[in-house]
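Subject: Structure for your review

Dear colleague,

Please find below the structure that I would like to hand over to you. Kindly keep it open while you read the notes that come after it.

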Amino acid sequence: MKTSWRSASLVASAAAVLALTTACGQESAGSAAGSQNVGATAPAVTGGLGAGSGYGGVDASASPGAEAAGAGASAQGGTAGELAVSADAELGKILTDGNGKTLYRFDQDTAEPPKSNCAGDCATAWPPVPADGVTAGDGIDKSLLGEVTRADGSKQLTVGGWPAYYYAKDTTAGDTSGQGVGNKWFALAPDGKKAKVSALPGLSVRKDPNLGEIVVDRNGMTVYRFMKDEAWPKPVSACTGACLEKWPAVAPVGDDVKGVQKKGLMSFSRPDGVKQQTVNCWPIYTFSGDKAPGDINGQGVGGTWYAVAPNGKPVGAPKQ
């Protein structure tokens, strides 16, 4: 029996849809020098940055006092105890206190001479690490540890001359949510330098203290989904024109992923010819409002943008 051109066309179309279904599934859119040794007091040279002075993007009006109390309480007996070198998947070796809480430094401080420019509301959001009782654990050069006297007379730990702080929003050992805040705050490396994001895969997973496991790009920036996009029977982006200026499309990463579901991990061509990466066939983006790794400023914007879970689902999106 001869097959008509119409029948052949229908068969081919069905096969194409089946192939896309297999690939994309059927989920709907609803779905340094200069530091003084501890005990050798530096002059009282604490500055006075406070609310509105741009000390790292922390909203001091959000009553961070309770959070700060939590960070301060982490120190052993009111001190940081024995400092340790901890391994972070994204930042490499970082400095932590005796309870595993991350220590930070502030770009607006100075190390020669040691000087803190974080006071008032800033010091509430970024509690200074007390110098009293601090000892150096394995892998830490004790000659790098020192102290500086703050304006209130308290003594603050310095590492390589840089005053050390906690971050009030770090609630558990190992949290590094202060990394890159305002592009001024950075976790301390054991030598007092800034800890930096190490080379990451094209896509990987980080644990956010508020959202849980979310996907990040090779720069450690949060990846988002747009609820107006489509994934089946093929990826379609509803973010065009000016939208793409705020929400840049993630370029294809191939197989360079870690911890991200590989089913539906593919790229597609946008109408302008640019290729865009997907997770579980959903187009993914970064947010221009995120300035540093760890930022999640795009979460929930307009009720249509949400961080992406390792399986491609939108984190925190309302059920439809």
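The notes that follow concern the salt bridges in this structure.

Please bear in mind that this is a predicted model. Side chains of opposite charge can pair when their charged atoms come close. With a limit of 4 Å between a side-chain nitrogen of Lys or Arg and a carboxyl oxygen of Asp or Glu, the count comes to three salt bridges.

One of them joins Lys194 to Asp107, with 3.1 Å between the closest N and O atoms. The two residues belong to distant parts of the chain, 87 residues apart. Lys194 sits in the loop between strand S10 (185–187) and strand S11 (203–208), and Asp107 in the loop between strand S3 (104–106) and strand S4 (110–111). Lys194 is partly exposed, at 31% relative accessible area, and Asp107 is partly exposed as well, at 29%.

Another salt bridge pairs Arg206 with Asp208, the closest N and O atoms again being 3.1 Å apart. Buried means under 20% relative accessible area. Arg206 has a value of 8% and is therefore buried; Asp208, at 5%, is buried too.

The side chains of Arg218 and Asp256 also form a salt bridge, at 3.7 Å from N to O. Arg218 is in the loop between strand S12 (212–217) and strand S13 (224–226), while Asp256 is in the loop between helix H4 (242–246) and strand S14 (267–269), so this pair ties together parts that are 38 residues apart in sequence. Arg218 is partly exposed, with 40% relative accessibility, and Asp256 is partly exposed, with 35%.

Yours sincerely

Methods. Residues are numbered from 1 along each chain as its sequence is written. This is a predicted model: local features need pLDDT of at least 70, side-chain atom pairs count only at pLDDT 80 or more; totals for chains, interfaces and linings use all residues. Side-chain values use heavy atoms; hydrogens and water are left out. Helices (H or I, at least four residues) and strands (E, at least two) are DSSP runs, numbered from the N terminus. Buried means under 20% relative accessible area, exposed over 50%, partly exposed in between (1.4 Å probe, protein chains only).
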